[in-house]
Amino acid sequence: MHKRGKAKRFAILMTVLVAFAASFSGSSTQADAGFSLGGTSAEVHDQSLTRSELTNIQLLHPNSTWRYLDNGSNQGTAWRTTEFNDSAWSGGMAPLGYPVFKTTSLFGGIRKTISYGANSSMKHRTSYFRTAINVSDLADYTQIIGTFGMDDGVILYVNGQEVYRYNMPEGEANDQTLSSATVEDPATETADLTQALKGVLHEGVNSFAAEVHQRSDNSSDLYWEMQLIANPAGSI
Ligand SMILES: [Ca+2]
């Protein structure tokens, strides 16, 4: 009995060893196969990684910090340019505007309340906003989508060039220009800015400048927020 038990244990041990050898050999073969195909599969993996890295690039994310000027002054056109020094302007996180409870479902409530001046029935018609983004790998951007939260009218310049206009009359606007129509609640809009930004954006720092116009001197509210996404999912 003792001898048979020992033989049985030996047989079991051998079975385990053979199975182990087989599994090791098997895994070694799989590893070899994987290694021999490694170049291809690694490349595919890299491509999918690269593709995912190139999708939904937040060039300008919501709740970015903007410089703003809310003193009712006429800034002419110099304020739009890349070279303009906005260091004397105030700064705050978007959405910016008033009153504080104004909100959009897309961007949420106002994060920074700005001033409309001393007289609520003679509010500043125009408020100015500036920020900057850093761009790299511009050649990889096949589509650039802007999403906006606005009340009432907006003209957006990138590096001094107009790239987007909403609810504003045609032609050059100044600080006294009123928006085209009333926006009862802050509007949210999405725009394909690929064509508009082609030849305007460049590698490195790019300046964004937005003028937000009221519909009327006693308009109750103002709202400004935007985001910019390169290669939104499904576009490449
Ligand atoms: Ca308004």
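Residues are numbered from 1 along each chain as its sequence is written. Because the model is predicted, local features need pLDDT of at least 70 and side-chain atom pairs count only at pLDDT 80 or more, whereas totals for chains, interfaces and linings use all residues.

The chain holds three helices and 14 strands, these being DSSP runs numbered from the N terminus (helices H or I, at least four residues; strands E, at least two). Of its 236 residues, 28% count as buried, a residue being buried if 20 or more other C-beta atoms, placed from the backbone, lie within 10 Å of its own. Among contacts (C-beta atoms, placed from the backbone, within 7 Å) between residues at least 6 apart in sequence, 79% join residues at least 24 apart.

Leaving aside residues up to four places away in sequence, tryptophan 224 touches Ala94, Pro95, Leu96, Gly97, Phe129, Met150, Ala210 and Val212.

Strand S10 (residues 153–158) pairs with strand S11 (residues 161–166) in the antiparallel sense over five bridges, where pairing requires that DSSP finds at least two bridges between two strands. Leucine 156 has tyrosine 164 in S11 as its bridge partner. The two strands form a hairpin with two residues between them, and asparagine 159 in the turn has a positive phi of about 50°.

Definitions and conventions
Two residues are in contact if their C-beta atoms, placed from the backbone, lie within 7 Å. A residue is buried if 20 or more other C-beta atoms lie within 10 Å of its own, exposed if 12 or fewer, and partly exposed in between; C-beta atoms are placed from the backbone.
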